[in-house]
Amino acid sequence: MDHSPAVPTDGSNVDNSREARITRFVEWVRDHISGDEKGEAQLFVDRLLQAFGQKGLLEVGGKAEFRIKKSAEDGGGTSFADYVWKPIVLIEMKKRGVDLAKHYNQAFKYWERLVPGRPQYVVLCNFDEFWVYDFNTQLDEPVDRLALADLPERWGPLAFLFPTSEAPKFKNNQEDVTREAADRLATLFNKLIGRGIEREQAQRFVLQCLVALFAEDIKLLEKYTFARLLDDCKTPAQAYDLIGGLFVEMNTPGITAGGRYKGVDYFNGGLFADPVRLELHEDEVAQLAKSAEANWSKVRPEIFGTIFEHSVEAEERHAYGAHFTSGVDIMKIVRPTILEPWEAMIDGATTQKQLEALHDRLQTLRVLDPACGSGNFLYLAYRAMKRLEQRIFERLDSLSKKGKQTKRLSFVTAKQFYGMDINPFAVELAKVTMMIARKLAIDELHMDERALPLDNLDANFKVCDALVTPFEGGVSFRTDWPPADVIIGNPPFLDARKVTLEHGIAYGKSLETLYPEITRRSDYCVYWIRRSHDHLPECTPEDPFAGRAGLVGTQNIRNNEAREGGLEYVAKSGTVIEAVDNQPWSGEANVHVSIANWVKHSLPPRYTPREQRMIESKLLIPAKRKLWSKIDSSLRPAGRRKAGQGSAAKVFELSLELVPQINSALSSEVDLSSAKVLEVSRNPKSCFEGIQTGHKGFVITKAEAERLLALYPDSTDYVKPFLNGADLLTGKFLVDPEYVIDLSRTNAIEASQFPKVLAVIQERVLPDWQSNAAKELDKTGKSTGEHQNRLQTWWALKRPRLDLQEAMSKRNRVVACSAVMKRPTFVFLSSRILPTNALKVFTFDDDYSFGLLQSNTHWQWFIARCSKLKSDFRYTPETVFDTFPWPQSPSVKQIEAVASASCEIRRVRDDALSKIKGGLRAVYRTLELPGKNPLKDAQAALDNAVLQAYGFDPRSDLLQQLLDLNLEVAARIDKGEPVTAPGIPPDYPNPSELVTDDCIRPA
């Protein structure tokens, strides 16, 4: 229900409709507000909220004069936002008459830091006008501008202020306009392809139409020039003559002197070098006419290409299903690599000579995107550089004794930008995007620059594979890249395992030959990181703007071997200045990504911290690096669902931490890349991956297992309970367990001892094995291969892990954990149960070893050294267990304290499981709630006992102490000195006393 502002008490009837309330507010502002930011801002906001049916600015839960910490680059200290109501709106007030455009950066920086619960909307207001922003969808332009006087009739842009949480209505929602325009033009393209027009010709025709549509709405053509031509296209022949004739004139130098195309200027000799003439059918002309109805000045070039590509992929796919890379995400690269270093120098300049030197350098800065797609990264980089140029002009004017210069020629051009992509259509779209960018920048910044002819960018954009150039005879070369000072972009997201599948065996071998430093287990984007770093010039004090890069990658770029080939290599001759460790990607790919921005340089091998800081400052490397981390949705404060947000929206927030360093794992923690593999952790092997069946037909239900075991009581070694990670964490195994048939240790005769058991595999698995083998034979023509070899032992599991099974058979229980997890959850598992490959198994049966694995000490090493899967952690034995140093000289008392604490933590968990449904996952989620929790206390006791066993100082950095111990143990191993291996220390007097019997057992 709406709440009214103060109502007169004289008994008069008051119209309390929305329009009436808002009208009274507008009249009140007119009569009582002078427009003083300091004295009247809070009063204005309070009455505004009352007009929209709220009780007031404090009653809704918002805060006035909200404290926001400033970054070191902004001078440090604290700023005060006028009003913050999380997660709804930030309102920043300015005095009456102020140009709100000048306060965009301040509002954006406030919004950027308002986590958790960052508001969806930002409102700039000068008492007479509201500028409404939604930075999640539209970075630079307000989604609406609204005069106070119009508010009673057009309150839709501020509808999110109502208590009813209504979706706002924006006039300047450029995303919707862009999607509609892309969809209509794509429909025309699909129609042309559908009736047999050659694809390349159809693409070129549509792109020429695209420029013409933009041109008449951004005043490169006279208004309605193209639309009127379409009105006169009554026949296919007329369409051929009229539209083709326009394209010819757009390609003719000079201004057309007369006739139908009088006044048409020369556009360029690139896109229009080959004017396309097509006879269009009536429905195709109609589709173009519909496209011309859109206001193309509102179409966003940086997202148009992606949406248009999506629309033309197939006739039934439309723009409204496309995900494009958001401007906010692109600016996470453009801002630190281009904007921030330049802004620092421009704002720090004190003389005209310095500013003129900066302008000279800016117009030679070269920016490359080696996986440019349709050009959205380069487009926003271009706009950023044009704004930097404008900022230089403003600073020059402020220092000039002559005052403001009425004319200054702009020299930053689209020809400073280079792109490469394997998709020819995307490259053409990128060129068009950058051509149009010039005119839009001129209009936005009111520059004295002639818009035509458009830049011919044929030499700047190349269709190619950026990594490999094939050559005759099967030989490949590294693709040449154009010179660049800055490299930005979003290389392909492709798992290492899929590179060969997508590109073929020969391509994989070429990568291996051309980039031997990168292992085949690295994701595809790692090659771009390494190649970009090698290609960049060095950043130097003489030229601090060069040698900068920012790339998006899969999360795997900060993990293990992928990190070694990429970011670890970068860190040896560079500094990561800003990074996002993990976030969902806004583009088409449904992945979590990492973002790294770095500077390439050569610092002296030895230097003091003071010397390092002096050098870094000359390279415009900030003293504090920015590290962004995704806030878990469970930590997001309760509040209304974001208005107008669909269920498919990727909702997340990033928190900002200013740190002294960012390591190659994109973390501010101690860099553990120097940790050594410890031979005592690998041999004898005690950490295993579970069994992989290779086919779901090996897995049977409990009822089926009971029937087989009743028939063959002595088959218990071959029909066993089977446990996966999900069933372990949810407790499903204890209620409805699965079983697996494992005949892997038998030959054909031995397997036939249990005909009913073998029959299950023969019926459910063998036909698929035979089909796969036949397909493999057809494809390769060889009688040997993975699938054909499998037929030799078709009754066996794909990967039975016989070494694991042998090790498990020597114990009654083993330690296990889910291979992918969010929190430390280790359990004891009966050795009668076979674990799937979704589990990691540690062949220890004692409480001391369990305590070490369950401890925070092991967990912190694990999350620093493991690989990541979205927001979860994957246990990788090679990098985690094989490098994790165990306590080297714990006392008997300390060992027993760890064992006792590990028993207690399992007792507390078992007690909780008897009261809470949902298994261990539900039990551990209680730790996220405030208040006393016995599991939290038990874990704390275990963690303390483990720290004492190590002899670590709880006040010192845990990871640094572990790394030091790792290196010490590795050095002692190299010298042949004795060390303590994983498990119970050999000098403990009574090992059997540390082995209890609680564990997860088959029902």
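## Terms and model

A residue is called buried when its relative accessible area is under 20%, exposed when it is over 50%, and partly exposed in between, using a 1.4 Å probe and protein chains only. Helices (H or I, at least four residues) and strands (E, at least two) are DSSP runs numbered from the N terminus.

This is a predicted model, in which local features need pLDDT of at least 70 and side-chain atom pairs count only at pLDDT 80 or more, while totals for chains, interfaces and linings use all residues. Residues are numbered from 1 along each chain as its sequence is written, and side-chain values use heavy atoms, with hydrogens and water left out.

Strand β2 covers residues 78-85, and six of its eight residues are buried, so the strand is largely enclosed by the rest of the structure.

Two strands count as paired if DSSP finds at least two bridges between them. Strand β1 (residues 63-69) pairs with β2 in the antiparallel sense over six bridges; within this pairing, Lys-63 has Val-84 of β2 as its bridge partner. Strand β3 (residues 89-93) also runs antiparallel to β2, joined to it by three bridges. Ile-91 in β3 stands opposite Tyr-83. A hairpin is formed by β2 and β3, with three residues between them.

## Arg-438 in helix α13

Helix α13 spans residues 424-445 and contains Arg-438. Arg-438 has a relative accessible area of 12% and is therefore buried.

Contact means heavy atoms within 4.5 Å. Beyond its neighbours within four places in sequence, Arg-438 is in contact with Tyr-382, Glu-449, Arg-450, Ala-451, Pro-453, Leu-454 and Asp-455. For Pro-453, the backbone oxygen lies 2.8 Å from a polar atom of the Arg-438 side chain.

## The second largest cavity

At least two lining residues come from each of α5 (199-217), α9 (301-312) and α13, with α13 giving the largest share, four residues.

Methods. A polar contact is a pair of N or O atoms within 3.5 Å; within protein, one must be able to donate a hydrogen and the other to accept it, and residues adjacent in sequence count only if both atoms are side-chain atoms.
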